[in-house]
Structure formats: C-alpha cells, structure tokens
Amino acid sequence: MAAVNMTSALARTLFTHSTIVRKTASAGWAYRTYRPLCVTVEKTAETVRIEKPVQEDGAREKMTEAEKQLQEQIASLSKENESLLEKVADYQDKYQRTLADRENVRIRLEKQIIEAKQFGIQGFCKDLLEVSDVFRKAIESVPAEKLENENSDLKNLHDGLVMTETQLLTVFRRHGLVPITPLVGEKFDPSLQEAMFELHLPEKEPGTVGHIIRTGWTLHSRCIRSAQVGVVKH
C-alpha cells in the first residue's frame, strides 16, 4: 500500500515538473516572439518619426514654392494694375483737355460769329462817317445871324441839312454806332482820343483836352475812329 502511494506521488511530481517545463518553454517562446515584434514596432515608429518631418518639410517646401509663385503673380498683377491705372489717368486727362479745347474752340467761334455780325459793317460805317462829317461842316459853315437875316431858302436848306444829319445819327445809333464827344478840360484818354497838337493854356490843367478837332466813334463799344483833339502841354 505504501509502495502504491509513493508511485502516485512520483507520478504527480513528474507531471507537475513537465507542466512547469512546458509553461516555461512556452513563456520563453512567447518572450522570444514578443521581443523581436517590439523591436520591429519600435523601429517602425522611429522610421515614421523620421519620415514624418521629412514629409512635412517637403510639404512645407512645396507650400513655400506655391506661396512664392503666388506672391510673384500678385506682384506682377499689381504692376500691371498700376500701369493700367496710369494709362486710364493719362487718357482721362487727355479726354478732359480735348473737351476743354473743344469748348474753347466753340466759344471762340461763337464769339467770332457774333463779332462778324456786329463788326462786319465796320468798313461801311467808317465810309458813312465821312458823310456825317460833311453834313456837320456844311451845317457849321452857315452863321446863325445869316439864318435870321437872309431869305427863307437858306434857312430851309440849313434845316434840311440838320434833319438829314439827325436821321443819319439815329440810324447810326440803331446799329451800335455811337459818337465820342470829348469835352474841353477833361483828362486826355489815349484809348479814345488822338492828340494832334499841344496847346499852351496856363488856365487849363496839363494833360487835358484843350481843343476838339473831330468827333470820334465807337461801334458796339469798340473804337473805330478816335476823336482828334489838342492837348494842353505840361
């Protein structure tokens, strides 16, 4: 009986030992298998960590190149925009100048047309002024006492000359022809008067009109014949 018990204990001990050996062997295999796997994982992770910055640097370089190209395009478009703006400003200035020149030409032409209408008869008026001078001389040539003492025919002739001159002056005024009638003692005006000689008149102020020779005329405020006068000398 005791031998049987010893045999059973020995069998159990061997079984336990074999089990431990198997577990130990299995654990060693697992450890041997796990260790290379860990090393592989670590190497892969290290490779990823190394490659990731390289990829990021490459992407950053690509982005930098794209940004450079974009900046170059922006700079080129900005220069082109400035050039176009300068051209637009230049064309606008030329357009405004052209409009201003055209307006000046239009105003000048209108003024010339008006002046042509107003002063187109200037030469004709100057010829008629000679006729007016003849009428004035004829009227002044007859003394007043002769008109009272002589016959009525001379008076009628004189009256006819006066009426004709009056009518002629009315026509002159209707067309803008106005006489320049300087007065003795007024200051000499070279724009409307022509000095023919100088007078020595102590009682008159120097540089004033001392004698009237001929009446002057203006056509629409433009002097077409200066009045001829004698000026008191200094």
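Helices, of at least four residues, and strands, of at least two, are taken here as DSSP runs numbered from the N terminus. In this predicted model, the protein holds four helices and six strands.

Some overall values describe the chain as a whole. The protein has 234 residues, of which 16% count as buried. Its exposed surface comes to about 18,300 Å², and carbon and sulfur atoms supply 59% of that area. Among contacts in the protein with a separation of 6 or more, 65% join residues 24 or more positions apart.

Within the helical part, attention may turn to Ser 132, a residue of helix H2, which spans residues 122-140. Ser 132 has a relative accessible area of 4%; because buried means under 20%, this residue counts as buried. Leaving aside residues up to four places away in sequence, Ser 132 touches Glu 165, Leu 168, Leu 169, Phe 172 and Trp 217.

The strands may be considered next. Three strands form an open sheet of mixed pairing, in the order S2-S6-S3. Strand S2 (193-199) and strand S3 (209-214) each have a single partner strand and stand at the edges, so one side of each lacks a neighbour in the sheet. From one strand to the next, the twist averages 30 degrees. The pairing of S2 with strand S6 (residues 227-232) is parallel and extends over six bridges. In this pairing, Ala 195 stands opposite Val 229 of S6.

Terms used:
Residues are numbered from 1 along each chain as its sequence is written. This is a predicted model: local features need pLDDT of at least 70, side-chain atom pairs count only at pLDDT 80 or more; totals for chains, interfaces and linings use all residues. Side-chain values use heavy atoms; hydrogens and water are left out. Buried means under 20% relative accessible area, exposed over 50%, partly exposed in between (1.4 Å probe, protein chains only). Contact means heavy atoms within 4.5 Å. Accessible areas come from the Shrake-Rupley method with a 1.4 Å probe; for residues, only the protein chains shown count as cover. Two strands pair if DSSP finds at least two bridges between them. Axes are lines fitted to C-alpha atoms, for helices over the stretch in contact, and angles run from 0 to 180 degrees between N-to-C directions.
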